[in-house]
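Let's walk through this structure together, from helix packing to a single side chain. Have the coordinates open as you read.

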Amino acid sequence: MNILTFDIEEWFHLLDNDATCNTARWDSYEVRIHDNMERIFDILGQTRTAATFFIIGWVAKKYPQLVRRIAEKYQTGSHTMMHQPVWQQNRNRFRRDVADSIALLEDITGQKVECFRAPGFSIRESEAWAFEVLAELGIKYDCSVFPAHHAHGGMPAIRKAEPCIIRHGNAEIKEFPVNAKRIAGQNIIYSGGGYFRLLPYGLIRRWTARSNGYMLSYIHPRDMDAGQPVIRELPLSRKFKSYVGLRGAEKKLRQMLADFRFTDIRTADSQVEWDSAPVITL
C-alpha cells in the first residue's frame, strides 16, 4: 500500500529557528497557505487521490473554512495545536496542546480525530510516554515514527519501516512510520519533505517500486511553493534543506501519483493484517 499524507502548516512553521519558533510573531508573516492548498486540491482532484491531512490547530483556528473544505473529501488528523517539539514539553503540556487541537478540529469538522503526527517527528524513545497520552485522547493511528536520526527527534532503533503496533505501558497505537532506505548501514529517508525535493525522481520511483508493498509519503504545502520568502536568519545548511528543489517538487508529486496509486490512513488500516503486525514495546 502507498499512503499519502500532508502536514498542513504555513511556510514559516520551521522548528529550528528562534524567529519562526516564536509563536507571537506568526501573525506578522505573509499568508501563503490558501494558494498552496489550492495547488494541493488541484493535484489530488486531477489524480483522484485520497490523502490524510495532519493540521496544526493554529492554522485551523485562523482558517476554519479551509479545514472544512479539507474534511469534505479527505481524512483529517492532529499535528498539535502550536507545532512545538514533543521533547520540549512535559506530559501535561503535551496533553493540553494535543487535546486542544483535537477538540478544535472535531468542532470544525464534526468528525472524530483518530490520527496524529508529531511536529518534526519529535517523539523519541525518551518521549514514549507521548503514545500513552495519545491513546488516552482517542488517537488510534500515529505517523510520528522516523526510523532514522532526525534534527528534531527520530527513532533510529526502529530499523524497518512497516505498519506496526507501538506499546508503552497500558497503551497500544497502530503506527505507520515514514519509509527509509538502508544504505551503508544508515537509514536514508526519501518519501517526503526536503528529502523528496532533493532526490531525483528516478531514484524515488525506483525505491518506491521496491518498498515491499508499503510506502508512506509526507508533503508540506511549502514544499511546492517556489515563491515563498527566504528566512534570512536560517543557517546555510538549513536554508539548503528548506529551499532546495522547490521548483520541481510539484512535477515530482504529480508524476509519483501518476506512477503509483496512493490512499489515506483509514483505508490503509483496513488493508493491514494487524494480528500479525510487529509489536514494538518502548
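Helix axes here are lines fitted to C-alpha atoms over the stretch in contact, and angles run from 0 to 180 degrees between N-to-C directions. Helices are DSSP runs of H or I with at least four residues, numbered from the N terminus. This is a predicted model, where local features need pLDDT of at least 70, side-chain atom pairs count only at pLDDT 80 or more, and totals for chains, interfaces and linings use all residues. Residues are numbered from 1 along each chain as its sequence is written, and side-chain values use heavy atoms, with hydrogens and water left out.

Start with H8 (residues 201-209) and H10 (residues 246-259), whose axes lie 11 Å apart at an angle of about 30°. That makes H8 roughly parallel to H10, a label for angles under 35 degrees. Tyr201, Ile204 and Arg205 of H8 meet Lys252, Gln255, Met256 and Asp259 of H10, where contact means heavy atoms within 4.5 Å.

Now turn to H2 (residues 33-47) and H4 (residues 64-73): their axes come within 12 Å and cross at roughly 10°. H2 and H4 are therefore roughly parallel to each other. On the H2 side, Ile33, Met37, Glu38 and Phe41 take part, meeting Leu66, Arg69 and Ile70 in H4.

Finally, find Ser101 in helix H5 (residues 91-109). Ser101 counts as buried because its relative accessibility is 0%, the cut-off being under 20% relative accessible area with a 1.4 Å probe, protein chains only. A polar atom of the Ser101 side chain lies 2.7 Å from the backbone oxygen of Val98. Leaving aside neighbours within four places in sequence, Ser101 is in contact with Ser78, Thr80 and Met81.

Key. Helix = DSSP H or I, 4+ residues; strand = E, 2+ residues; numbered from the N terminus. Parallel < 35°, antiparallel > 145°, perpendicular 65-115°, else oblique. Buried < 20%, exposed > 50% of the residue type's maximum accessible area, 1.4 Å probe, protein only. Polar contact = N/O pair within 3.5 Å; in protein donor to acceptor, adjacent residues only side chain to side chain.
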